[in-house]
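Please look over the sequence and the structure shown here before reading the report. The notes that follow take up a few selected sites.

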Amino acid sequence: GVSSFNQFIHELSVDSDSSSVDYASAEDEPDEIYRSTPSSPLSDGSGTCRTSTHINHDPHWTNWVAYIFSWILLPARFLLRIPFLLFRLLSSQESKASLDTGSPRPRTFHPFRKVHSSKDHVVQRTIDRRRGVIEDLHLAIEIFIEAIFDMFHKAAYFVFSPFAAFRIFGKWFSSPSAGDKDIDDKVSNASVPTATLGANDPSPRERNLTLHHTLNTDARTCRDVITELGYPYEAIHVITSDGYVILLERLPRRDARKAVFLQHGILDSSMGWVSNGVVGSPAFAAFDQGYDVFLGNFRGLVSREHVDKNISLRQYWRFSINEHGTEDIPAMIEKIHEVKTAELKLSHPNEETNDEQPYKLCAISHSMGGAAMLMYIIIRRIEEKPHRLSRLVLLSPAGFHDETSFLFTVAHYICLLLAPILALFVPALYIPTRFFRMLFNKLVRDFHNYPAVGGLVQTILSYGFGGDSSNWVGVLGLPHYNMNDMPGLSFRVIHHLAQIKRTKKFRMYDFGSKAVNMEVYGSPEPIDLGEYYSLIDIPIDLVAGKKDQIITSSMVKKHYRLMKDSGVDVSYNEFEYGHLDFTFAHHEELLAFVMSRLLLVEPDLKRQSSPKKALKLKKTGQARSGVSSN
């Protein structure tokens, strides 16, 4: 019966000052006293439900007088109403977001992150109480119309009740700070008297209101999603060798001997691994299977976390996929090894110690995360350092980009031609200010709230990316694209991908100078990682999407052929997915496959040693050393 906007206008009208009055219709008796009664659904446009006063006037001869004086007082009333309207708009945004139209009982309002029901735990939910830009404009128009009618009503009241008008003006001029004091009291008390529209009991009730998230955006983090679902959470801040501070998040099982490391792709974060809720998210599925789950995050956030707090914008974004594979991933995996080794020693103090790691670590990577993970393994093998992995599952991994959509092909060639100029003026791609990030967040809400708009945007993005069937609109609505922070895309990463497309080889970044390449790689040309696939010494599971037009299945097969020719233990599987469906869509068959791959790695059995056995081993070792010396 009543729209959400008219319901909100009704709430605003109750919050008006004490001089607000209720006016009778032309058919009612003028001497009747009106109490605070709710209007009918048919009159929802007016939303009139105010504190009553006595109004006595003759409608037969006063209508034209009211009309004239309303136009005379229009400018003054409009200017006087602006501050109050702004305050009421600001203080009422949170109440509208959490309004319950079906119950007359008072409700207690908390910050946005605390009011999710069990159905709201899935990040890509179809029902969301946040407003978009279109709804904000609609709301502003409704408030403006309400203010115009309110000006006419009050102008007529002041004309036909001159004594009341003089008293009000006298109070304003005698104590100019009284209005400000009332406003401050309202904010400090954070309590709004309301009456539910259409309720049986229309008497005003006290509703507690917390003035948070006034801009009405979703700023939840991966931590919020995990803890709201009842899972344990731990945050580990890792510092890379070049000073970047990256966040390693964890669903801890401290005594588990099997761990899994999940690494996201381009313009993504750890949120992607938990965005489908309990049932459809790889992180929760692995934890439920008994794994100690670690969620990696690449460098490249708008917040620019670095040990050097004064690092410049250009210097911070000066990284390519090289740094993801040779700095970020090594730092996170070494931190995992340090934490797991220490925890298992504490939980199993009588265990035999040797040089082997007491746990098995598998990794799941998506898109650019897969390319960085392959780079990590190969470079660690070249440097003769342990990579500590037992199995690797790659979901639509980057590395070969011979076949791309027309849009990506044009972007790559523009990037190659104008690289020196673009590197100076565009160090990275991201939304620069909080205001525009908030505006982007609200626009995405419009895509969800208006199916026609969302469908149009989905179609445009799908055709722009070569017909990829991923849920692009749903991905844009993830909370890691919020007004406080968001993942960005370094220009060097784009340039690196363009170089890979041009050379048709999975190579490291070309600095454009043989001298610099010689200093970094020891050769005038970057390292071709495809030529070193023979160094991979763990099983690899490649997964491709038949509907993936970002990294096509033929490009994943190119990885497979090179690995197979190099003697790598590799498998290849295809699913009917788009590129983003591997992380942002709920597919039970994919989760079942990934879990089956992880379960192929069995942790080592616990090796317990009694004091007598330890003494016997020690004597045996001494005897062997004596024989060898003889």
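This is a predicted model: local features need pLDDT of at least 70, side-chain atom pairs count only at pLDDT 80 or more; totals for chains, interfaces and linings use all residues.

## A residue in strand β7

Ser365 belongs to strand β7, which is made up of residues 360–366. With a relative accessibility of 0%, Ser365 is counted as buried, because the cut-off for that class is under 20% relative accessible area.

When residues up to four places away in sequence are set aside, the contacts of Ser365 are Gln263, Gly370, Met373, Leu392, Val393, Leu394 and Leu395.

## A residue in helix α19

Ala515 sits in helix α19, whose residues are 514–521. Its relative accessibility is 57%, so Ala515 is classed as exposed, the cut-off for exposed residues being over 50%.

Between Ala515 and Glu525 there are 9.7 Å from C-alpha to C-alpha, and the two residues are ten residues apart in sequence.

## A nonpolar patch on the surface

On the surface, a nonpolar patch is formed by Phe406, Val410, Ile414, Leu417, Leu418, Ile421, Leu424 and Phe425, which together have about 880 Å² of accessible area. Two or more residues of this patch come from each of the helices α13 (406–417) and α14 (419–425).

Which element gives the largest share of the nonpolar patch? That element is α13, with four residues. Leu424, which is one of the patch residues, is located in helix α14.

Conventions: Residues are numbered from 1 along each chain as its sequence is written. Side-chain values use heavy atoms; hydrogens and water are left out. Buried means under 20% relative accessible area, exposed over 50%, partly exposed in between (1.4 Å probe, protein chains only). Contact means heavy atoms within 4.5 Å. Patches are made of residues with over 30% relative accessible area and no salt bridge: like charges are joined within 9 Å, nonpolar side chains (Val, Leu, Ile, Met, Phe, Trp, Tyr) within 5 Å. Accessible areas come from the Shrake-Rupley method with a 1.4 Å probe; for residues, only the protein chains shown count as cover. A salt bridge is a side-chain nitrogen of Lys or Arg within 4 Å of a carboxyl oxygen of Asp or Glu.
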